[in-house]
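Here is a short tour of charge pairs, paired strands and a surface patch. Keep the structure open as you read.

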Amino acid sequence: MTLRARLTLLTFWVMLVSLLTFAGIAGVMLWRVELGSVVRQTSAQADALLTIATTDPGDHQFALDADDLLEQNGLSAAARIYNGAALSWSGGANGPDTLDPTFLSDQETRATRAVGSYLVASRRTGDTTVQVGRSLEPLTHLLRRYALIASLTLLLLSSAGGALVAHEVRRTLHPLEQLAARVEHLDQPGALPAQQENDEVGALARALQRSLSALRAERERETLFLASASHELRTPVTAMLADVQHVLSRERPAAELRATLERTEKTASRLRQLTGNLMTLTRVQRLTGEHGPVKPTDNFALLDLLEVAGEAVDLLQPLALKQNLDLWLDGQTCLVRGDRVMLGSVLENLIGNAIKFTPRDGEVQVQVTYLGNGDVQLTVQDSGPGFPEGALTEAFVRGQTRVEGFGLGLAVVREVIEAHHGQLLLGHASGGGAQVRVTLPSPTPAERG
């Protein structure tokens, strides 16, 4: 059974039971009200008849007065008058010979109770006993008609209400049915339906859309990661494999073997850097949600950027000395909130590129300072030829740059800086050479402790 059918049946039965309960309560109240009215009328007739009977029972007007007294709203009551145990008068409507036998045999002076299908009011004064009885059949017949009419009316109302509810349920569940049909084909492009609804179905659709967007973004990141890895790793691995196979093809002199090993060392170093960049890219993507970078205070620690820069400079100093470059660090202690590994990767990429493109006997400067607005600025500047043509526009497109050395590295730098809510600016130094400036937000006094 579908949800629509269950909701319709449930609503129908709830409405029917509720209305029947209401009708039953109303019927009980009607019975009590009408019965109370009959009790009051019968009791008043019995009291009045007892007064007439004890005043002058031999008066010729007695029978006429008694008959008028027993007539009430077009209904006549049955009456009996006893002198001792003997019946001395009976009149009014037809009824049982004895209205209330119990009252005649006990010592009660007043009683009003139902006897069979009659309500009997009995009164006694001395040897005179008066009993007045009203048939309850008209009241019972009224209640039967009420119950029949109420049942048919409530059944009709419940059916109409069920049909109305079925229509509303169909209209309400239609967006949910559309959503269910669309969810079966999540790979299709386009947004999920029912997101504009202002009810639970709309909330569900929007939640599913957010989840679907996150899954698509994750899939795109994985695809991009694999594309970047294959693009960046294919060339050095192919070159190293070809070089080794060439050497192994026959006996080689020692000088040629050494040259091959040196080339292999360079290729392995490049592979190490590429692997580090790919790992950093994976790390930063985990911190980047569907709606952009996370807040720095969510996952980052308080770091001294000068200290992180010093570690990168120490790591790359041997490479600079090998090319007879002057690599130096200057600045002041500058606190930022960030990930040490990712920021270290940024510095290694920037300083490594500067060393790579700076001629021998050149200079690479690394500086960490506070800006006037309190933000922290990292500057890496070299004395080389500057950025090649096209590098400033293509450096941030992973796997698509035509400029050697500017594929994955600067793209990783960009994503790390964006994840830290910073800014990256590539340009040319005033005295020539390339200049890269990274600006990071400074932590608040509360975050500094």
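## Salt bridges, strands and a charged patch

Arg258 counts as exposed because its relative accessibility is 57%. Exposed means over 50% relative accessible area, buried means under 20%, and partly exposed lies in between, with a 1.4 Å probe and protein chains only. This is a predicted model, in which local features need pLDDT of at least 70 and side-chain atom pairs count only at pLDDT 80 or more, while totals for chains, interfaces and linings use all residues. Residues are numbered from 1 along each chain as its sequence is written, and side-chain values use heavy atoms, with hydrogens and water left out.

**Salt bridges**

Side chains of opposite charge can pair when their charged atoms come close. A salt bridge here is a side-chain nitrogen of Lys or Arg within 4 Å of a carboxyl oxygen of Asp or Glu. How many salt bridges does a search of the whole structure find? The search finds ten. Three of them are listed in this table, among them the pair made by Arg258.

| Salt bridge | N to O distance |
|---|---|
| Asp100 and Arg113 | 3.0 Å |
| Arg258 and Glu262 | 3.5 Å |
| Glu307 and Arg340 | 3.8 Å |

Start with Asp100 and Arg113, which form a salt bridge. This pair links distant parts of the chain, 13 residues apart. Asp100 sits in the loop between β4 and α3 (101-105), and Arg113 sits in strand β5 (residues 110-115). Helices (H or I, at least four residues) and strands (E, at least two) are DSSP runs, numbered from the N terminus. Is Asp100 buried or exposed? Asp100 counts as buried, because its relative accessibility is 2%. Arg113 has 26% and counts as partly exposed.

Now take Arg258 and Glu262. Both lie in helix α6 (residues 254-286). They are four residues apart, about one turn of the helix. Glu262 counts as partly exposed, at 37% relative accessibility.

The side chains of Glu307 and Arg340 also meet in a salt bridge. Glu307 lies in helix α8 (residues 305-322) and Arg340 in helix α9 (residues 340-357), so the pair ties together parts that are 33 residues apart in sequence. Glu307 counts as partly exposed at 41% relative accessibility. Arg340 counts as partly exposed too, at 31%. Elsewhere, salt bridges that share partners join Asp47, Arg110 and Arg123 into one network.

Strand β3 covers residues 78-83 and is mostly covered, with five of its six residues buried. Two strands pair if DSSP finds at least two bridges between them. Which strand forms a hairpin with β3? Strand β4 does, with two residues between them. Gly84, in the turn, has a positive phi of about 75 degrees. β4 (residues 86-92) runs antiparallel to β3, and six bridges join them. Ile81 stands opposite Trp89 in β4.

β3 is also joined by six bridges to β7 (residues 128-135), again antiparallel. Here Arg80 has Gln131 in β7 as its bridge partner.

**A negative patch**

Asp65, Asp67, Asp68 and Glu71 gather in a patch of negative charge on the surface. Patches are made of residues with over 30% relative accessible area and no salt bridge, and like charges are joined within 9 Å. Helix α2 (residues 62-70) gives the largest share of this patch, three residues. Asp68 is found in that helix, α2. Asp68 counts as exposed, because its relative accessibility is 58%.

Note on methods: Patch = residues over 30% accessible without salt bridge, like charges linked within 9 Å, V, L, I, M, F, W, Y side chains within 5 Å. Areas by Shrake-Rupley, 256 points an atom, 1.4 Å probe, with all protein chains shown as cover. Lys, Arg positive; Asp, Glu negative; His and termini not counted. Charge placed at Lys NZ, Arg CZ, Asp CG, Glu CD.
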